[in-house]
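I opened my notebook to record what I looked up in this structure.

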Amino acid sequence: MELVAQQIVNGLTIGSLYALIAVGYTVVYGIIQLINFAHGEIFMIGAFGALSTSLILFPGQTALWTLPLILIGAVAAAVAVAVVMERIAYRPLRNAPRLAPLITAIGISVFLQELVRVGYNDPTLFISDANPFDFPSAKQKVVFPRVDGISGESFDLGGIILQRPAIFTVACLAISAIWLWYYINRTRSGRAMQAVSQDPDTARLMGINVDRIIVTAFAIGAALAAVAGVAYGLQTTNINFKMGFIYGLKAFTAAVLGGIGNIQGAVVGGLVLGILESIAIQYFPGGSPWKDIWAFSILILVLVFRPQGIMGAKVVDRA
Amino acid sequence: MSKLSHNPRLAGPLALAGSVLLIVSGLLSWSYEPILGDISVRFWPVTLQVYAIVMGVIALLLALVAAGPLGRWSQHIDPARGLRTMGVTAAIFAVTTLVAITHQTGGLINANEGVWIALVGGLLIAAAGYLRPETKVLDPAEIALPAWLEIIVIALLVGLGLYTAQYALKQTDPWVLVLLVGMLIGVTLTATRSNMASWVGGVTMRHQRVFLLATFVVVLAFPFTQGGSEANLNIAGNVLIFAATALGLNIVVGLAGLLDLGYIAFLGAGAYVGATMSYSAFATIGWKPPFLVVMLIGGLVSSILGLIIGSPTLRVSGDYLAIVTLAFGEIFRLAMFNLDGQSGPMITRGSNGINAIPDLNFFGFNFGQTHNILGIDIPRAGNYYFVLIALIVFVIIVFTHLNNSRIGRGWVAIREDERAAEAMGVNVFGLKILAFAGGASLAGMAGTVKAHMDQAVSPDSYIFLESAFLLAAVVLGGMGTVGGVLIGAAILKFLPEKLRFLDDYRLLMFGLVLVVMMRVRPEGLIASKRRQLEFHDDDEELAETVVIDELEAAK
């Protein structure tokens with residue numbers, strides 16, 4: 001019994017990460033029916049933004065007061081990249097055939113990964129060797145800064161081990177979900193976003209600035225992904241340029257599982273996927289090496305048999 | 001560009017001046033330091049200077065069409081678009097050269113007058129292009145010269161192709177190579193934009209057999225021109241395997257319009273079949289059939305996988321299908337990792353892969369040895385080159401026949417509008433499955449050869465990035481065309497092989513190119529007219545020609 005409880009705790013932790021990233025897929029898809037394939041990279045950029053903030057402002061400092069600052073740094077980096085990406089890569093292709101933005105997204109994804117890999121400790125790339133803040137090379141794993149009180153010892157609740165970063169991750173998800181709910185349902189621009197997602201043309205006629213809403217959607221997704229990036233860094237204590245790919249794919253699975261376009265669905269889907277995965281590690285044949293295979297099989301099965309997901313989003317024709 | 005800014009009278013002289021400047025720049029010194037094949041000497045054009053002259057001559061030709069003795073050609077050739085493309089290419093070329101000089105010598109100060117003049121020339125040409133309005137022109141494909149002259153043109157073109165491939169393979173300086181390929185792409189685009197390529201297309205269509213024969217001869221002659229160089233033939237072999245796989249993907253993406261992001265898995269499945277059934281000491285299957293049987297099995301296994309992955313297409317399409325295939329590709333890779341005897345049954349030896357796969361041996365002809373044919377050494381890679389040529393010819397025949405058949409038209413119908421196709425009685429599901437299984441089997445066969453050529457297989461060669469590369473080859477070259485995909489595959493496989501010590505920035509450039517390409521020319525370098533229409537659906541003139549072509553094809 002303890003084992004099951006432990007796996008559920010682990011599942012909720014990893015699931016919270018998936019959920020935070022999945023929101024980004026779902027918000028954007030809900031509005032412009034675009035699978036933002038590069039969203040996983042935004043998650044990675046968030047983590048590196050946090051690391052950079054720490055290295056620039058307070059290298060070596062691990063006090064708790066650094067946490068809000070690195071979170072802000074992460075969110076700023078991720079939102080900036082996402083907004084620029086939307087502007088130069090997606091907006092010009094909004095009326096192009098559906099293949100075009102997907103291929104652009106793959107291009108952006110490769111570009112961002114490589115930019116971090118070769119450019120992190122050498123931002124001018126091959127022109128000169130400029131590295132004013134002594135950034136480490138990102139070609140291998142990079143150590144993520146610790147934060148006192150969050151990277152510390154784990155709690156033991158009667159046999160169930162509770163990691164501190166796990167609590168932080170789940171708390172991040174909870175706060176983000178509440179804020180998101182408030183934003184979507186209680187603010188003007190949140191309601192405008194709903195309107196655009198239902199009918200962009202009518203929304204435009206009603207005086208809603210559709211372009212701005214789309215950028216906002218990208219920014220919200222990026223902000224939550226950045227938070228996830230920080231949570232990931234604190235949990236695993238190191239980050240790398242490749243981390244966005246597999247997490248992006250899993251988060252997309254979560255978004256589809258919950259019903260893509262449906263924000264509550266993304267949160268539920270993320271948690272369900274996380275728990276399923278943890279249970280698969282323990283009880284499915286093959287164990288840990290096969291867990292990703294199970295996750296992707298779930299993705300395929302859901303897409304084939306219930307493309308609207310468990311929460312049932314609005315049925316989209318693309319499915 | 002507003003209509004007001006068009007000033008055709010100024011365009012002619014500007015274009016003339018620009019192209020002359022560009023040609024002259026080739027005779028001047030480009031750099032203070034003797035770099036990039038020594039571009040510092042005056043009146044002795046090498047590498048970059050020669051490319052500048054080539055571009056200048058083409059621009060001059062267009063300028064003479066725009067204003068001058070070749071004016072009557074302007075019925076068929078649109079100099080405005082041609083000049084724009086050529087001018088922009090030349091300007092980018094000059095700027096890139098400046099970057100190269102800065103990078104190589106450590107300062108912009110080392111750039112000499114030639115490169116600046118080339119930049120000015122390029123900008124003038126581009127300006128002339130934009131000052132002149134685009135004109136509607138007649139399709140030059142119809143202009144027929146005497147047959148013997150056209151055949152000479154074909155021979156020259158094909159010979160030029162061989163020479164270019166040869167020349168490009170010889171280049172060792174990465175900057176020179178990048179600039180060369182950039183120049184070639186620019187020239188190709190200029191030819192298509194200004195309609196010159198259409199005439200070449202017409203010539204090759206009229207003498208299709210001659211063209212095919214000439215191409216075939218050149219392709220077969222290629223290994224003999226390499227003087228026994230293993231490295232170059234190895235690159236050629238890799239290009240061919242990649243191209244065969246990309247052609248398979250082209251059936252799925254280009255014809256049927258089903259986006260597949262896990263296609264490398266089919267090549268991988270074929271390679272693993274080839275490896276596990278080989279005489280390698282690490283092979284895990286005891287049965288060792290002859291290679292042709294292995295090849296068929298490889299194709300079969302891949303097509304079964306294609307069937308499995310294709311079956312969701314009944315219910316899933318578009319973006320969702322892309323993700324399904326992406327997930328499938330990841331499942332394949334992870335499964336190959338896990339079938340290592342520890343986390344699963346022992347089949348693939350996991351991350352170690354299967355090594356020491358022996359060379360092929362056809363009836364005593366050992367592929368591992370250097371053979372002397374007609375006094376010229378054909379090394380190991382050369383032997384594989386010929387097998388791969390046979391394979392790719394087979395793939396191209398399958399592709400073109402499918403494309404021009406009822407099946408191919410069915411695929412195109414599905415791509416354009418699935419519901420309408422279904423209503424017209426097209427067996428949508430059957431054809432989709434056929435596209436997946438057929439394309440996959442081609443990739444699987446290529447995979448079995450790849451296993452022997454590389455002498456090893458491991459899961460690391462079948463990552464998502466490789467699928468992205470394949471897709472890029474199809475998209476960059478031109479979806480649904482054979483020539484385009486071959487060119488796309490050649491560029492994407494050849495450049496990275498040659499730019500090995502730019503290793504770190506290769507993928508960065510790749511990502512950038514994908515994005516730029518989708519914005520600038522989403523239909524690919526060589527586009528089928530129908531595809532082009534899809535991306536520029538407000539072009540009524542194009543729509544008309546497509547309809548006419550379709551009607552003629554249906555006759």
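**Entry 1: two helices side by side**

I began in chain B. There B:Thr47, B:Leu48, B:Tyr51, B:Val54, B:Met55 and B:Ile58 of helix 2 meet B:Val176, B:Leu179, B:Leu180, B:Met183, B:Val187 and B:Thr190 of helix 6. Two residues are in contact if their C-beta atoms, placed from the backbone, lie within 7 Å. Helices (H or I, at least four residues) and strands (E, at least two) are DSSP runs, numbered from the N terminus. Ala, Val, Leu, Ile, Met, Phe, Trp, Tyr, Cys and Pro count as nonpolar, Asp, Glu, Lys and Arg as charged, and the others, Gly among them, as polar.

Next I looked up the angle. The axes of helix 2 and helix 6 (residues 174-193) of chain B come within 10 Å and cross at roughly 10°. Axes are lines fitted to C-alpha atoms, for helices over the stretch in contact, and angles run from 0 to 180 degrees between N-to-C directions. Helix 2 and helix 6 of chain B are therefore roughly parallel to each other. Angles under 35 degrees count as roughly parallel, over 145 as roughly antiparallel, 65 to 115 as roughly perpendicular and the rest as oblique.

**Entry 2: what I am looking at**

This is a predicted model: local features need pLDDT of at least 70, side-chain atom pairs count only at pLDDT 80 or more, and totals for chains, interfaces and linings use all residues. Residues are numbered from 1 along each chain as its sequence is written, while chains are lettered from A and ligands numbered from 1 in the order in which they are written.

**Entry 3: helix 2 again**

I stayed with helix 2 (residues 47-66) of chain B. Its axis and that of helix 3 (residues 79-105) of chain B come within 10 Å and cross at roughly 160°. Helix 2 and helix 3 of chain B are therefore roughly antiparallel. Among the residues making the contact are B:Met55, B:Ile58 and B:Leu62 of helix 2 and B:Leu83, B:Met86 and B:Ala90 of helix 3 of chain B. By class, the contact of helix 2 with helix 3 of chain B has 11 nonpolar, 4 polar and no charged residues.

**Entry 4: chain B as a whole**

I counted elements next. Chain B has 21 helices and 4 strands. Of its 555 residues, 51% are buried. A residue is buried if 20 or more other C-beta atoms lie within 10 Å of its own, exposed if 12 or fewer, and partly exposed in between; C-beta atoms are placed from the backbone. Among chain B contacts between residues at least 6 apart in sequence, 78% join residues at least 24 apart.

Chain B is divided into domain 1 (3-217), domain 2 (227-519) and domain 3 (525-555). These bounds come from an automatic or database domain assignment. I found the C-alpha centres of domain 1 and domain 2 of chain B 34 Å apart.

**Entry 5: a crossing at another angle**

Helix 9 and helix 17 (residues 464-477) of chain B have axes that come within 9 Å and cross at roughly 70°. Helix 9 and helix 17 of chain B are therefore roughly perpendicular. The residues of this contact divide into 8 nonpolar, 3 polar and no charged.

I also checked helix 14 (residues 406-416) of chain B. Its buried residues include B:Trp411 and B:Arg415. Helix 9 (230-255) and helix 13 (380-403) of chain B are among the elements that cover the buried residues of helix 14.

**Entry 6: two positive phi angles**

Most residues other than glycine have a negative phi. B:Asn195 is not a glycine, yet has a positive phi of about 80°. B:Asn195 sits in the loop between helix 6 and helix 7 (196-206) of chain B. Is B:Asn195 buried or exposed? B:Asn195 is buried, with 21 other C-beta atoms within 10 Å.

B:Gln455 also has a positive phi, of about 65°, although it is not a glycine. B:Gln455 lies in the loop between helix 16 and helix 17 of chain B. B:Gln455 is partly exposed, with 16 other C-beta atoms within 10 Å.

**Entry 7: where the chains meet**

Last, I turned to the interface. I found 39 residues of chain A in contact with 40 residues of chain B. The largest share of chain A's side, 13 residues, comes from helix 4 of chain A. The residues of that side divide into 31 nonpolar, 4 polar and 4 charged.
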